[in-house]
Amino acid sequence: MSDSLNSAASRHPGRPQGAPRFPEGPQADPAGSHFERRIRSFQPRRSRVTAGQADALRRLWPKWGFDIDGGRVIDLAELFGNDNPVVLEIGFGMGEATAQMAAADPATNILAVDVHTPGQGNLLNLADRGGLTNIRVGNGDAIILLREMLAPDALNGLRVFFPDPWPKKRHHKRRLIQPEFLSLAATRLRPGAILHCATDWEPYAEQMLDVLTAHPDFENTQADGGFAPRPEFRPLTRFEGQGLDKGHVVNDLLFRRVPHTTSAQPPADA
């Protein structure tokens with residue numbers, strides 16, 4: 001056996017080369033090729049999984065995690081074990097803010113979606129340590145979750161905090177907050193549900209404001225039609241604090257799902 005193979009075997013004893021590290025955990029591409037190829041708003045990140053995160057994934061993924069494979073419509077009451085309102089959070093990073101919000105509002109269930117394995121493990125670890133039973137972690141593409149796996153009017157809120165701004169002009173088409181995404185999200189949000197976005201990239205904030213203001217399914221909660229003050233329930237994260245120290249401006253947008261006027265269907269090309 002070569003030195004490199006010896007080294008790999010010593011790092012992961014008992015696991016064959018090429019085998020998944022978490023056989024019952026989050027999969028690399030849960031939806032596979034079952035759905036159309038399209039421009040995605042996220043870029044999977046590869047970074048080291050700590051021992052604590054790995055332990056949380058092994059112990060808690062079968063209980064609190066699921067892969068977004070598009071193969072079924074989720075019964076949210078069954079998933080959480082209660083009929084409490086559900087808020088979807090797309091992109092939770094390392095999960096610190098998600099865990100804080102879940103602890104502060106135990107009567108609201110948080111369906112947290114990301115593709116970052118260390119962050120998934122960290123959030124599961126935080127939930128376990130905090131005794132938080134109102135968090136479930138989804139692995140994969142939030143578009144597939146919204147379109148294929150959630151029933152109409154299933155959600156009481158949607159949070160998109162600090163999404164990738166894709167700052168280069170040629171990449172703007174990758175930004176998540178686009179008219180097509182909003183039309184899809186609107187089919188899954190109950191009337192009165194709040195869509196809450198936050199970003200520290202001012203050009204993206206302006207685009208978000210323009211797109212949301214123009215969309216017929218949403219209305220700004222701010223009487224002046226502008227950005228909202230940061231709500232107390234959204235924690236000031238370490239990432240955000242670092243940005244503020246550098247002079248970044250953070251903008252929050254809170255838009256309300258307006259009452260249904262027609263029987264909306266999810267757009268086919270979202």
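Let's start where strand S6 (residues 189–199) meets strand S8 (residues 251–257): the two run antiparallel and are joined by six bridges. Within this pairing, Ile-194 sits across from Arg-256 in S8. Keep in mind as you look around that this is a predicted model.

On this part of the sheet you will also find helix H8 (residues 202–214), which packs against S6, S7 and S8. The direction of H8 makes about 15° with that of S8.

Now step back to the whole sheet. It is open and has eight strands, in the order S1-S4-S3-S2-S5-S6-S8-S7, with mixed pairing. At the edges lie strand S1 (65–67) and strand S7 (218–220), each of which pairs on one side only. On average, neighbouring strands of this sheet are turned by 25° against each other, direction ignored.

Follow the order to S1 and you meet another helix. Helix H2 (residues 51–64) packs on the sheet, where it touches S1 and strand S4 (135–139). The direction of H2 makes about 75° with that of S1.

H2 has a helical partner too: helix H5 (residues 117–130) packs with H2 at an angle of about 75°, and their axes are 8 Å apart. Because angles of 65 to 115 degrees count as roughly perpendicular, H2 is roughly perpendicular to H5.

Which residues bring these helices together? From H2, the contributors include Ala-56, Leu-57, Leu-60, Trp-61 and Trp-64, and from H5 they include Pro-118, Leu-124, Ala-127 and Asp-128. Sorted by class, the contact of H2 with H5 has eight nonpolar, seven polar and two charged residues.

Methods: Residues numbered from 1 in each chain as written. Predicted model: local features only at pLDDT ≥ 70, side-chain atom pairs only at ≥ 80, totals over all residues. Heavy atoms only, no water. Pairing = 2+ DSSP bridges. Helix = DSSP H or I, 4+ residues; strand = E, 2+ residues; numbered from the N terminus. Axes fitted to C-alpha atoms, helices over the stretch in contact; angles between N-to-C directions. Contact = heavy atoms within 4.5 Å. Parallel < 35°, antiparallel > 145°, perpendicular 65-115°, else oblique. Nonpolar A, V, L, I, M, F, W, Y, C, P; charged D, E, K, R; others polar.
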